[in-house]
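Hello,

Here is the structure I promised to pass on. My notes follow below it.

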Amino acid sequence: DTMRRVVRQSKFRHVFGQAVKNDQCYDDIRVSRVTWDSSFCAVNPRFVAIIVDASGGGAFLVLPLHKTGRIDKSYPTVCGHTGPVLDIDWCPHNDQVIASGSEDCTVMVWQIPENGLTLSLTEPVVVLEGHSKRVGIVAWHPTARNVLLSAGCDNAIIIWNVGTGEALINLDDMHVDMIYNVSWNRNGSLICTASKDKKVRVIDPRKQEIVAEKEKTHEGARPMRAIFLADGNIFTTGFSRMSERQLALWNPKNMEEPIALHEMDTSNGVLLPFYDPDTNIIYLCGKGDSSIRYFEITDESPYVHYLNTFSSKEPQRGMGFMPKRGLDVNKCEIARFFKLHERKCEPIIMTVPRKSDLFQDDLYPDTAGPEAALEAEEWFEGKNADPLLISLKHGYIPGKNRDLKVVKKNILDNKPAGNKKSDLINAPKKAADASNPQNDAKLDEILKELKSIKDTISSQDERISKLEQQMAKIAD
């Protein structure tokens with residue numbers, strides 16, 4: 001038994017981390033210097049997005065993955081915000097759609113052209129306005145299309161239907177203090193939040209009620225993080241009263257005592273957890289650290305098993321985490337990080353060394369694919385669905401993404417407030433219905449109206465110039 005305790009069997013004991021060669025990094029990037037504890041970087045199988053320093057507003061870079069090397073100073077950015085960008089998140093169901101939250105109190109959703117930017121992008125597909133203070137967190141729903149969550153320094157969480165540009169749920173009275181992070185569970189039926197009042201809350205957003213909460217999850221005053229694991233447990237990072245960094249595992253059905261609690265070290269950088277539900281590995285990247293520690297979560301004591309640490313010389317300013325479908329399965333790659341330095345972004349590849357060239361199905365169980373399991377309306381009406389899984393056996397080939405269409409409802413047609421529910425059901429299901437006769441008639445109507453407005457304007461122009469001539473005569 002002692003032998004078993006010393007050496008635990010796990011195929012991930014020898015996960016091996018390696019930074020890529022210099023010419024595979026993205027160089028000469030001015031990474032944002034905003035003091036905010038988000039990861040500043042978001043990646044998917046097509047693009048890497050990095051929040052950068054921008055004069056007079058907020059901007060982020062979006063680079064195709066293959067665009068490595070030195071990035072020109074004049075490279076186009078996404079720059080529609082009027083204040084610094086604090087958080088970005090790629091849509092899990094469309095690799096060309098990204099959301100950003102900013103100090104200007106807005107959330108913007110952008111559509112990136114298929115081959116990346118050739119000009120700076122200033123026009124978002126939709127601007128979501130509802131927060132009264134800066135928006136520091138954006139997180140897409142894992143399984144429902146076009147559902148986006150945002151959290152701001154007004155201590156409010158808003159859940160949007162991006163397809164109609166509306167705020168459908170506003171949780172503005174659950175947090176009395178700043179929200180440090182928000183995490184969806186596997187099927188998106190619950191969220192958990194970590195807040196400055198040292199509480200972790202589990203919330204059912206559609207019922208708008210707190211299902212479970214834990215006071216003083218970590219006793220220390222520095223920022224915490226809380227994320228859902230695939231089995232419904234919650235993993236937290238924080239600080240002890242003596243300012244030691246801690247990690248803990250909780251069962252939301254009984255938050256009295258943690259399932260496991262480990263002290264780590266006395267560094268003061270906030271630990272950002274990145275979780276891979278397929279392998280049950282959590283990677284901890286401390287802001288300002290130069291290491292990535294990783295742990296395997298299992299159901300046998302001590303539940304959180306330290307695997308190893310990847311160390312490098314340079315401290316990290318932020319970190320992006322590639323979804324599983326963006327990895328190279330032929331090289332037994334199980335994770336890829338995009339580490340931000342002050343002036344560059346460096347990919348770090350985690351592999352499990354194997355002798356065989358064959359597909360290692362034990363390393364790659366079916367993983368969440370890019371198809372949404374639900375439409376926004378279905379989720380808001382109460383349906384739940386797990387992610388739709390895909391096999392990586394032959395690698396992942398990105399398909400064609402459909403454009404994000406936002407169908408704003410006509411405010412003039414608004415029914416009395418009593419019909420909120422039926423509004424949701426009748427909400428535009430798809431922009432694909434755009435070519436029906438009713439719409440054509442509407443279009444004709446609008447064009448006629450435009451023409452009559454133009455005519456009116458030109459006749460008014462003539463009238464004004466006549467009046468001006470008369471005035472001039474009188475003045476003479």
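Arginine 325 forms a salt bridge with aspartate 95, with the closest N and O atoms 2.9 Å apart. (A salt bridge is a side-chain nitrogen of Lys or Arg within 4 Å of a carboxyl oxygen of Asp or Glu.) This pair links distant parts of the chain, 230 residues apart. Arginine 325 sits in the loop between strand 28 (318-321) and strand 29 (333-340). Aspartate 95 sits in the loop between strand 8 (85-90) and strand 9 (97-102). Strands here are DSSP runs of E, at least two residues long, and helices are runs of H or I, at least four; both are numbered from the N terminus.

Arginine 325 has 7% relative accessibility, so it counts as buried. Aspartate 95, at 2%, counts as buried too. (Buried means under 20% relative accessible area, exposed over 50%, partly exposed in between, with a 1.4 Å probe and protein chains only.)

The model is predicted: local features need pLDDT of at least 70, side-chain atom pairs count only at pLDDT 80 or more, and totals for chains, interfaces and linings use all residues. Residues are numbered from 1 along each chain as its sequence is written, and side-chain values use heavy atoms, leaving out hydrogens and water.

Now two further pairs. Arginine 145 bridges to glutamate 375, closest N and O atoms 3.1 Å apart. Both residues are buried. Lysine 324 bridges to aspartate 276 at 2.7 Å. Lysine 324 is in the loop between strand 28 and strand 29, and aspartate 276 is in strand 24 (residues 271-276).

A network of salt bridges links Asp28, Arg70, Lys73 and Arg343. The count comes to 22 salt bridges.

Best wishes
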